[in-house]
Each structure stands twice: as structure tokens, then as C-alpha cells.
Amino acid sequence: MTNNPFIMTNAAKAIIDPDAMVHNIQVMRRKAPDSKVMTVVKSDGYGHGLTSVATTLAPYSDAFGVARIEEALTLRQAGVTLPIVLLEGFYEADELPLLVEHQLTATVHCDEQVAMLTQATLPSPLSVWLKVDSGMHRLGFEPDQVPGALSALHACVNVVSEIGFLSHFGCADEMDNPITQAQINTFTHVTDGQLGERSLAASSGTLFWPQSHFDWVRPGICLYGISSRIELTGAELGLKPAMRLTSRVMAVRRLKAGEPVGYGARWRTERDTLIGVIAIGYGDGYPRLAPDGTPVWLNGREVPLAGRVSMDMITVDLGPDATDKVGDEAVLWGPELPVERIARLVDTIGYELVCQVTGRVPRQYLTCTSSIPPAVSSNQ
């Protein structure tokens, strides 16, 4: 960054704190001390940077979980040697040799995948998890379909003999919703007596439903310091936010009472005041639907959004006596301003906001200084 505040190259940036992620995975391990941890790094590490997140958390993880084969191959190319599970499995038979070559584990959730495995010619068997639909009704075999699918996989020469079982919660962030316990009961009933390892809990299950921990937990959003429950912040769960989204003030304007600001003149000054223009917008991933009053952290205080979010800029009401100046740093979310607060104001979740930070916002990684030793699961 130049010393001239009027020249701001890449004013917006996402500062990523690896120490926060190390802290968070330790919190999750303490919640499930008898389970192994499959660290979920899909969607570019929830917007935090796939390979950097994986490199940081590898010493504290037993495996990684991703959604797509491209994510898995990126990790392998970066030198990651831990097991990698494709949580959506594979889409075409042509992918199967790649899975074997790179020692990837596939989730199998439908008859079509079973057929592709059965018909394939592979150099060695593939490790798989069988996905059970315990009640979310998105992916997986219905409970009465599991025995047939399991039998077909056991008979397939392309599948490693020990098959794992996994499922996924639909309502684990709602503490009074009976569906979660029903899913636990269904998954337990379907898998009891089977030889394979079991996994049901993601972030909410790991934090709030200890009876769902089984052999593996699969924490995702909480590793990044963000609460899986909309009404709570990560800090309230003992987590530390790993992303600090910042930009800089690019202009300060003095306006008279009654003057409009921004597209559509949605917001008008109620008094003589100073307006700050900050170099970030929906082109960077800041939510366009953020309403007037959405807080921005600037010089030790919150200032309210004033007017519509533009592609590259937002405007905030600094107040008539403000001393803010061009070049000052503004925090859109981070330790000072939880992303969950912004998410509630735009009727979404913190997951979406951090995943939507666009590629034109550079990620700046702080140096990891954590002295916490890697944890080893007692279940290994």
C-alpha cells in the first residue's frame, strides 16, 4: 500500500487470521473428543482460500471434506496428503480413474453412482461412504434402500470392503426442532451393527448434539469463527472470526439537511452532516440488499450505511462533527463487527456473505503464530 492515501490499490481486502482457525478447530475437537475430524473446506474454504486454509488446519485434521473433484485436485496439487472426501461424490464415470489416482474417497448417494462403480474398470478399489437419507430428503438412500445399496457396493470389485456411513442434518441449528433427534434415531437404527465408520454431525451437530458425534464430525462454518445458528455470533460460542473484510474511505462529503445520497435517492440527510464514501460494493461481495443503518466499523465506532449499495462503493453517515479522512480503514465485518449481524440485516446467513466475497478482493494471510500442538483423535 502506498503512503499516499489518495492512491488506494485494492482498497478492499479480506484479512485472514490462521490463529483464529486453529483456535476454532480446537474448540470443535474439545466438543467431540472421541471423534475424528473431517475439516470441511469446500467453496474455497468458505471464501477464506482453499489451499491456505487446508495448509493451516492439516496438522489438526484427520481428513478434509470438499464438494467437488476440482477442489480435491487443487488440494492434492498443493501437497495435501490427508484423506479427502468428496461429499457430493462423483457425477460421471470418467471421474472414477482420477479418484483412484489421487486416492480420493467418494460419497455414494444414488443408484446411478452404484451402477457407474459396478461397470467401471479401475486399477484399484475406491474408498466410499454410503450416504443415508436420515430425513433431510436431499441426497442419500432411504433407510429401506440402504441394505440393497450396501450389498451392491460390497459385491463391487471397485469398492474397498469397509464402507463408511454418513448423513446430514436439516435442522440442527434449531434447538427445539424434533426433526434432529428423529434423524439421529433413524441414522442409528440404519447403521447399528454395520462395520463401517459413521458420520452425522457438521458444525451444529458438533456443537449442540453430542449424541450425533459418532466416529467422525465434519465441522465447516464454525472453523471460520461464524455461528451456525443465526441468532448467535461466533464469539458467543467461544469462536474467533477468521475473516476481517476491510476497505478504505475514498471521499468525505459535507451535505446539507434534506439532500439525497446514492442511487434512487433512497436516503436523505436529516441534518447537515458528513458522508463517507467507502471503496467496496456488491462487485466485491458486499450485500446489495443491505438496508440503511447497516453498521460499518470506522475509527473505533459504528457508522450507519446511508443509501443503496453500489457495485464499487457504499456511503455512510459520519455525523456532523466527524474527523474521519480519506484513507481511513473501514471494517465491513470481522472481530469488531460480527458478520452474523450483517447477515441478519440482509435476511441471510454468515456462510453466504463470506462465500460471496469476490475474486477481486485479495486475501491477505497473517502469519500463524499458534503454539497449540496438533490434536490426535482418541478414535484413531
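Modeller: The largest cavity is lined by K131, V132, D133, S134, M136, H137, R138, L139, S167 and H168, where a cavity is a set of points on a 1 Å grid over the protein atoms alone at which a 1.4 Å probe fits but cannot get out, and lining residues have an atom within 4 Å of a point. This is a predicted model, in which local features need pLDDT of at least 70 and side-chain atom pairs count only at pLDDT 80 or more, while totals for chains, interfaces and linings use all residues. Residues are numbered from 1 along each chain as its sequence is written, and side-chain values use heavy atoms, with hydrogens and water left out.

Biologist: How much space lies in the largest cavity?

Modeller: The count comes to 1 cavity of 30 Å³ or more. A volume here is the space filled by probe spheres set on the grid points, which are joined across faces, edges and corners. For the largest cavity, that space is about 60 Å³.

Biologist: Which element gives the most to the lining of the largest pocket?

Modeller: A pocket is an open set of points with protein on both sides within 12 Å along at least five of seven lines, and the largest pocket has a volume of about 740 Å³. Its lining takes two or more residues from each of α2 (42–46), α9 (203–208) and α11 (350–355), helices being DSSP runs of H or I with at least four residues and strands runs of E with at least two, numbered from the N terminus. With 3 residues, the element that gives the most is α9.

Biologist: Why do the buried residues of α6 line one face of the helix, and how wide is their arc?

Modeller: The buried residues of α6 (residues 111–119) are Q113, V114, M116 and L117, buried meaning under 20% relative accessible area, exposed over 50% and partly exposed in between, with a 1.4 Å probe and protein chains only. Seen down the axis of α6, they line one face because the directions from the axis to their C-beta atoms fall within an arc of 160°.

Biologist: Which residue's backbone oxygen lies 2.8 Å from a polar atom of the side chain of N158?

Modeller: N158 lies in the loop between α7 and β7 (164–166) and is buried, with a relative accessible area of 4%. Beyond its neighbours within four places in sequence, N158 has contacts (heavy atoms within 4.5 Å) that include L117, T118 and L122. The backbone oxygen at 2.8 Å from its side chain belongs to A120.

Key. Polar contact = N/O pair within 3.5 Å; in protein donor to acceptor, adjacent residues only side chain to side chain.
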